[in-house]
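Biologist: I'd like to learn how to read a fold. Can you walk me through one?

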Amino acid sequence: MQTTNLESIRSVDDVHSVSQALALAGALLARAGTLVHFGASVLETEDLAVAAVTVAEQAKAVAADRVAEAHRAGAPRRRSCRSMGVLLGERLATDSATMAPYATLGLWLGDFGDFAAAWQLGRITDAHVRLLRQLDTPLTRSLLQRDQDFLLGHAAVLQWDDFVSACRHWLNCADPDGTLPSERERAYGTTTKTHANGDVEIRSVLDPVAGEAALTAIEHEDQKLFRQSENDPDAAPELVRMNSRRRKSIALLNLLTRGFQRQDGSFPTPMVNIVMSEKVAERLLQSISEPDEPIEFDLAWDDIDRRCETIRGVPIHPRRARTALLLGAFRRQLFKPDGIPASYTKPARLFDEHQKQTLLVAARGRCQHVGCGSPWIWLTADHSHPSSRGGGTSVVNGQILCDACNKWKRDRLL
Ligand SMILES: [Zn+2]
């Protein structure tokens, strides 16, 4: 590593290399430390700290750039990635584990010029990059490189949850893996492992349709346990103290050992709600009747005619819904081209089940309070404009909120 003349670096703008950035950040931090020692003003020390952090950020970007360059020049992947993280970590007095991902992200970004530029300019976050990186498979790589602009456009305007959904849709039709995404299929299955201490680890990867059925079942059982602990804390004291992760494992165990048996001994059929536009359904039927014809499904996140997903908004490959199409029951929901439910009103105070489903489809199974991550099971249909103030029970005046947000909203209105 070359030595750096600190005198030549006067501000963040003068930083052009990792070593310069590191030296400057180090110097600033050292100076802040000295000042604290001599009881200097809080403001001055704070300024230095802020400057040091800014430089550290700059170093991150420069490092990513250099790593990408080194990678393009044919530097061995693993070595450069590890040494960069460790190097940054040591110099910035952060633990190297915190810094390592930046070097790794930078390395990956080396093959994706538009993503890299957006990341360095702060237009997309680390989380975006990590998600985009998950889309990169040997099968999708060239398509991902081609569609960088498209995905960045989504990243710029969408909230996080919507961006995740848009990315999944992209992957579903980008994956050119035959009639079904068989590459992914290889990962499906359950493995069990008994650890040395006797703990048992169960790991299952399910396709989106089976996953939806399993999640719904676990969530229902989990909520049953939760209510039990709320209503009768004395009867189930251990449940009261349990965090939701532990409770879910009990729920799963209940399902595995007792099954879904009702009190009268009967069993419900697992139900999965699939949302498919009429156009996608037509193509799917066509693909069943003409199995030799290669049929492409042109799916899109933001086009009501090109949607195929679970009611929670998880995109699924239309062919996975084939059985459902043949066995399932149909409900028709009408949307306008912009994805807003078409109006129908009933002289009632509460939304009926069909209206609620329409609203769920429109909300993609999420509480419409921005940033709320409530479980699916808490979601209810609610009047945007309260019925007590003349709001009609129509899907146009409906929204999906969780119990908590609904109460919060009611409290605001009172
Ligand atoms: Zn909510």
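This is a predicted model: local features need pLDDT of at least 70, side-chain atom pairs count only at pLDDT 80 or more; totals for chains, interfaces and linings use all residues.

Biologist: Fine by me. How many helices and strands does the protein have?

Modeller: There are 17 helices and eight strands. Of the 414 residues, 25% are buried. As for contacts with a separation of 6 or more, 60% of them join residues 24 or more positions apart.

Biologist: Now a single helix. Which residues of α6 are buried?

Modeller: The general idea comes first: an α-helix has 3.6 residues a turn, so residues three or four places apart point the same way. Now the case here. Helix α6 runs over residues 126–134, and H128, V129 and L132 are its buried ones. They span an arc of only 95 degrees around the axis, so they sit on the same side of α6.

Biologist: And which exposed residues does the face turned away from that side carry?

Modeller: On that face of α6 you'll find D126, A127 and Q134, which are exposed.

Biologist: What about two helices against each other? How do α8 and α9 cross?

Modeller: For a pair, look at how close the axes come and at what angle. Helix α8 covers residues 148–157 and helix α9 covers 160–174; their axes come within 9 Å and cross at roughly 160 degrees. Angles over 145 degrees count as roughly antiparallel, and that is why α8 is roughly antiparallel to α9. The crossing of the two is right-handed.

Biologist: Which residues make that contact?

Modeller: From α8 it's L151, H154 and A155, and from α9 it's F163, A166, C167 and W170. Sorted by class, the contact of α8 with α9 has six nonpolar residues, one polar and no charged ones.

Biologist: Which residue follows α16?

Modeller: That's R364, and its phi is worth a look. The value is near 55 degrees, which is positive in a residue other than glycine. R364 lies in the loop between α16 and β6.

Biologist: Is R364 buried or exposed?

Modeller: Count the neighbours: 20 or more other C-beta atoms within 10 Å make a residue buried. R364 has 21 within that distance, so R364 is buried.

Notes:
Residues are numbered from 1 along each chain as its sequence is written. Axes are lines fitted to C-alpha atoms, for helices over the stretch in contact, and angles run from 0 to 180 degrees between N-to-C directions. Helices (H or I, at least four residues) and strands (E, at least two) are DSSP runs, numbered from the N terminus. Angles under 35 degrees count as roughly parallel, over 145 as roughly antiparallel, 65 to 115 as roughly perpendicular and the rest as oblique. A crossing is left-handed if the near helix is turned anticlockwise from the far one by less than a right angle, and right-handed if clockwise. Two residues are in contact if their C-beta atoms, placed from the backbone, lie within 7 Å. Ala, Val, Leu, Ile, Met, Phe, Trp, Tyr, Cys and Pro count as nonpolar, Asp, Glu, Lys and Arg as charged, and the others, Gly among them, as polar. A residue is buried if 20 or more other C-beta atoms lie within 10 Å of its own, exposed if 12 or fewer, and partly exposed in between; C-beta atoms are placed from the backbone. The arc is that of the directions from the helix axis to the C-beta atoms.
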